[in-house]
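Trainee: I would like a close look at one kind of contact in this structure. Please keep to charged pairs and take me through them step by step.

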Amino acid sequence: MTYIFQILPALLSGVKLTLGIFAITLVGAIPLGLILSVGLIPKPKSILGKAGKSLLEGYVWVFRGTPLLLQLMFIFYGLPIIGIVFDRFSAALVAFILNYAAYFAEIFRGGFGAVDEGQFEASTVLNMTRWQALRYVVIPQVVKIVLPSIGNEVINLVKDSSLVYVIGLGDLLRAGNIASARDVTLLPLVLVGVIYLLLTLILTFLQKRIEAAFSYYR
Amino acid sequence: MLELKNINKSFNGRPVLKNVTLTIEDGKTLAIVGPSGVGKTTLLRIISGLEQADSGTMIWNGKPTTAQAMRKQGIIGVVFQNFELFPNLSVMRNITLAPTLQGVDQQQADATAKKLLDQLALTDQEKAYPYSLSGGQKQRVAIARALALNPQILLYDEPTSALDPLLRENVAEMVNQFKASGMTQVVVTHDMDFAKSVADTTYHVGKGGDDQ
Ligand SMILES: Nc1ncnc2c1ncn2[C@@H]1O[C@H](COP(=O)(O)OP(=O)(O)O)[C@@H](O)[C@H]1O
Ligand SMILES: [Mg+2]
């Protein structure tokens, strides 16, 4: 028991970094994904529009099609070779936000696709602007549709944040690993597991609550 | 009075509407009929500005106009074939959303909506959400939503198609009641019996003509 209290401060400071990456990534990646998804929806006619959409699709393809671990290493260890240098924390954020925004963009795109075009048309004939239709009619429906998928990604993100280990950041996993190697005991790693479980448990609970709040209509 | 003159529309080079010319008379019910796929919905969408005609003109009370201009003036109300109620909003909010966004104050909008709901036998559904309504109730909410903006002309696309056949007469009765109160209506339908029971004038799409 005393041993647990001995290593707990180190683990908790690791939790702080893990949660920092988690929170900042969400705050950056959800709005970015939403904005990008709007660019993925229309069928552009102009060459410029087509090029823009292809670029977006390429971005989503690359970031969803390669390991996040590779992206992290590429940004932190690779980019300095061509003169682009990030500190560890910024590199982690750039990789996580770009990666998760790609996933969120796909999710939002699916959500927009699932709302009937007729909802826009009904809004239009009621003399609402496109923005009003989005704000009051379409986006609330999209949010409800995407909640389960977003929730799953959010839970993945907590666990994925442990990947920052590879660029030498002091997250929860590193804190546990250091203690385990130093004191030759499994206990720190078990504790790390328990803390991750607690975090995902809280998130799952929140996800259920939010989904329930949206269940007043079908 | 709204006149359509020589409206043409093709999709991918295939003509759908050819020189459609018709008049929507004040206080009358016009039925636009024809077999499925002939272009009735397309015509309704052109009048409501959801589709752009390739050529032709629209004349509102003697002056040339466009569907967009008519929308800004709130001339046209539309009841869609599948109603397109907003599932995330209560019946009440479905009806008051557009008026309040256009500057009507909430109390005024609520009062108007309540009156419409009473007239359409929906008083108890005020707080309900669309998923919980029957087809007939959904249709009446869609009508109330359109009427809340005080349109001069109410357009219906296939008002009997999404309903129990037994309700067909109720719909005809409702359309005729609105007519008695002075409403101008256009009913798009492939159901000839229904058309006969409501129409003052019938326009056959595809055959290019009226038979009065
Ligand atoms: N947006 C569109 N693009 C291509 N073809 C269309 C479109 N809308 C309608 N059509 C075609 O135009 C014809 C008339 O359709 P519609 O107006 O819906 O007929 P109706 O309402 O009389 O059944 C159909 O052949 C339909 O496939
Ligand atoms: Mg049709």
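Trainee: How many salt bridges does a search of the whole structure find over all chains?

Mentor: The search finds 10 salt bridges over all chains. A salt bridge here is a side-chain nitrogen of Lys or Arg within 4 Å of a carboxyl oxygen of Asp or Glu. Side chains of opposite charge can pair when their charged atoms come close.

Two ground rules come before the details. This is a predicted model, where local features need pLDDT of at least 70, side-chain atom pairs count only at pLDDT 80 or more, and totals for chains, interfaces and linings use all residues. Residues are numbered from 1 along each chain as written, chains are lettered from A and ligands numbered from 1 in the order written, and side-chain values use heavy atoms, without hydrogens or water.

Start with the pair of Glu121(A) and Arg45(B). Their closest N and O atoms are 2.8 Å apart. This pair crosses between chains: Glu121(A) sits in helix α5 (residues 117-125) of chain A, and Arg45(B) sits in helix α1 of chain B. Helices are DSSP runs of H or I with at least four residues; strands are runs of E with at least two; both are numbered from the N terminus. Glu121(A) and Arg45(B) are both buried. Buried means under 20% relative accessible area, exposed over 50%, and partly exposed in between, with a 1.4 Å probe and protein chains only. There is a third partner here. Glu51(B) joins Glu121(A) and Arg45(B) in a network of salt bridges.

Now move to Lys9(B) and Asp54(B). They form a salt bridge, with closest N and O atoms 3.9 Å apart. It links distant parts of the chain, 45 residues apart. Lys9(B) lies in strand β1 (residues 2-11), while Asp54(B) lies in the loop between α1 and β4 (55-60) of chain B. Lys9(B) has a relative accessible area of 9%, so Lys9(B) is buried. Asp54(B) has 47% and is partly exposed.

Next, take Lys114(B) and Glu126(B). This salt bridge has its closest N and O atoms 3.8 Å apart. Lys114(B) is in helix α4 (residues 106-119), and Glu126(B) is in the loop between α4 and α5 (135-147) of chain B, so the pair ties together parts 12 residues apart in sequence. Lys114(B) is partly exposed, at 39% relative accessible area. Glu126(B) is buried, at 18%.
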